[in-house]
Amino acid sequence: MATLINELSYGDAPVKIRDDLTAAHARAWRRLAEPGVWLDGATRVAIAAETRNAPSCKLCAERKVALSPYNVPGEHDRGGNLPHDMVEVIHRVATDPGRLMERWYQGLLEAGMGDGEYVETVGVVVTIIAIDTFARSVGMTPPALPGPVAGEPSRVRPAGARHGGAWVPWVTAEDRTQTEIDQGLYGEGGEFVSHIRRALSLVPAEAIGFFDLVENQYLPGREMRNFGEEYRAITHPQIELIAGRISVLNQCLY
């Protein structure tokens, strides 16, 4: 395994960070820097950097206050050399995700972006947003990005991926091959898998990695539904109050 430049650590955090949470963030940090399925490590780190740049983009600010973002043409203020369409995905997901439309997504495919590349880009964006938001919440500056790990993307598409209830193809529990089962997609497996868990499953490593963050920052499914026991420093109702408020602010229909 290659040595990761800028390993993530919370040793100098102003508050005590749980060991399991630190470990989950360290795993996400390494995954962010490593070659993925469709993108190499350098591109993945560049996506993370562009995600951090998006909030200062003038075009995004103008679109945010417009009745429709699709009526505001222009070029994004980009911080690197990523392709135009990839920058559009990063900035829109980072700054105005509640108004994305299927025709916008289809336009990306028509322009040449692969559906797997789209899903992996979204996976990197939401990962870096989760980690940066956490850092700010505990009074820290978001950490310096890791150096990319050399290597080629695997370019392995799940054989069971198909169109269902989303814009992108996804993998249901029953359509997993042994490969996805061995990877740990959906854990044990046979139970109903919610749409939000399927959302990134066209790139299983992104779905698995993001829900590793979810379960450590929030709660695993089994603990989420166990109202007879508390697992965090705050209660189930307090957790859900915060989650519900954040969902409203982010225009999350889920």
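This is a predicted model: local features need pLDDT of at least 70, side-chain atom pairs count only at pLDDT 80 or more; totals for chains, interfaces and linings use all residues.

Biologist: Okay, and at what angle do the axes of helix 1 and helix 9 cross?

Modeller: Roughly 160°, with the axes of helix 1 (residues 19-33) and helix 9 (residues 204-217) coming within 9 Å. An angle over 145 degrees counts as roughly antiparallel, so helix 1 is roughly antiparallel to helix 9.

Biologist: Which residues in helix 1 meet helix 9?

Modeller: On the helix 1 side you have Asp20, Leu21, Ala24, His25, Arg27, Ala28 and Arg31. They meet Ala205, Glu206, Gly209, Phe210, Asp212, Leu213, Asn216 and Gln217 in helix 9.

Biologist: How many of those are charged, polar or nonpolar?

Modeller: The contact of helix 1 with helix 9 has five charged, four polar and six nonpolar residues.

Biologist: Switching topic: how do helix 4 and helix 6 cross?

Modeller: The axes of helix 4 (residues 84-95) and helix 6 (residues 115-137) cross at roughly 45° and come within 10 Å. Helix 4 and helix 6 are therefore oblique to each other. The crossing of helix 4 past helix 6 is right-handed.

Biologist: And which residues make that contact?

Modeller: Helix 4 brings Met86, Val89, Ile90, Val93 and Ala94. From helix 6 come Glu117, Tyr118, Thr121, Val122, Val125 and Ile129.

Notes
Residues are numbered from 1 along each chain as its sequence is written. Side-chain values use heavy atoms; hydrogens and water are left out. Axes are lines fitted to C-alpha atoms, for helices over the stretch in contact, and angles run from 0 to 180 degrees between N-to-C directions. Helices (H or I, at least four residues) and strands (E, at least two) are DSSP runs, numbered from the N terminus. Angles under 35 degrees count as roughly parallel, over 145 as roughly antiparallel, 65 to 115 as roughly perpendicular and the rest as oblique. A crossing is left-handed if the near helix is turned anticlockwise from the far one by less than a right angle, and right-handed if clockwise. Contact means heavy atoms within 4.5 Å. Ala, Val, Leu, Ile, Met, Phe, Trp, Tyr, Cys and Pro count as nonpolar, Asp, Glu, Lys and Arg as charged, and the others, Gly among them, as polar.
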